[in-house]
Amino acid sequence: MSTEPLPPFRRIITANAENGRSRILTDAPAPHILQSGPGRGLINLWATDGNPPSLDTLDDAAWPVQLEPPAGGTVFRLFQLGPRTVSNEDPEVAERAAAAAFARMGAAHLRVDTTRHPSMHKSHTLDYIMLLKGRVLLVLDDAETELKPFDVVIQRGTNHAWVNLDDEPALLMGVLMDAARGP
């Protein structure tokens, strides 16, 4: 079972020079990482804090890595789920681990109903999520479905959890957008 830290992901940022010609601004490993447990965490690749986004900011992901995007903004990220261990843990241990992980992501307030799984959470976001590696179970209040690589979930502010079904980390890509709050 692998509990390695998140792998380094190369991030290339382009820009226009003063003469208007395109160039590479930076080409380096993505520096904005939040390790939230063994083999588990978030890597923010880019983020915006408003609409329309600015093309002048040097690094729009250069703020603390949190689960939710900024108000009115977006975040483009990779996230890795550690090997399946929660299902084998004592329920109280799993609850404490999930509570601590969400606290590290600034998202303790998103854990509104963890009846079905300790990692259940609900944010006011529209998320485009693609599984890149592994097998993952999407758990909802009244349903669940198994994902295979390249399956896509359009997550629309629902209470949900991601459960790794394999003994190796699972890798997902997501674009999260702050969404309007309903009545």
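View 1. Asn16 finds its bridge partner in S2, at Ser22. This is a predicted model, in which local features need pLDDT of at least 70 and side-chain atom pairs count only at pLDDT 80 or more, while totals for chains, interfaces and linings use all residues. Residue numbers start from 1 along each chain as its sequence is written, and side-chain values use heavy atoms, with hydrogens and water left out. Seven bridges hold the antiparallel pairing of strand S1 (residues 10-16) with strand S2 (residues 22-29); two strands pair if DSSP finds at least two bridges between them. Strands (E, at least two residues) and helices (H or I, at least four) are DSSP runs numbered from the N terminus. Five residues lie between the two strands of this hairpin, and Gly20 has a positive phi near 90°.

**View 2. An open sheet of three strands.** The strand order is S8-S7-S10, with antiparallel pairing. Strand S8 (144-147) and strand S10 (160-164) are the edge strands, each with a single partner, so one side of each has no neighbour in the sheet. From one strand to the next, the twist averages 20°; the angles run from 0 to 180 degrees between N-to-C directions, with axes fitted as lines to C-alpha atoms. Strand S7 (residues 136-140) meets S10 over five antiparallel bridges, and here Val136 stands opposite Asn164.

**View 3. Leu140 in strand S7.** Stay with S7 for a moment and look at Leu140, which belongs to this strand. Leu140 is partly exposed, at 27% relative accessible area (buried is under 20%, exposed over 50% and partly exposed in between, with a 1.4 Å probe and protein chains only). Beyond residues up to four places away in sequence, Leu140 touches Arg116, Met120, Thr158, Asn159 and His160, where contact means heavy atoms within 4.5 Å. Phe76 is 64 residues from Leu140 along the chain, and their C-alpha atoms are 23 Å apart.

**View 4. Arg111 and its partners.** You will find Arg111 in the loop between helix H1 (91-104) and strand S6 (125-133). Its relative accessibility is 18%, so Arg111 counts as buried. Apart from neighbours within four places in sequence, the residues in contact with Arg111 include Ala98, Ala99, Phe102, Met120 and His121.

**View 5. Two loop residues, Pro52 and Phe150.** Pro52 sits in the loop between strand S4 (40-48) and strand S5 (74-81). The peptide bond leading from Asn51 to Pro52 is cis, with omega near 5°. Phe150 lies in the loop between S8 and strand S9 (152-156). Although Phe150 is not a glycine, its phi is positive, near 80°. With 58% relative accessibility, Phe150 counts as exposed.

**View 6. Residues lining the second largest pocket.** Sixteen residues line this pocket, and those nearest its centre are Thr14, Ala15, Leu55, Asp56 and Thr57. S1, S2 and S4 are the elements that each give two or more residues to the lining, and S1 gives the most, with four residues.

Key:
On a 1 Å grid over the protein atoms alone, a cavity is a set of points where a 1.4 Å probe fits but cannot get out, and a pocket is an open set with protein on both sides within 12 Å along at least five of seven lines; lining residues have an atom within 4 Å of a point.
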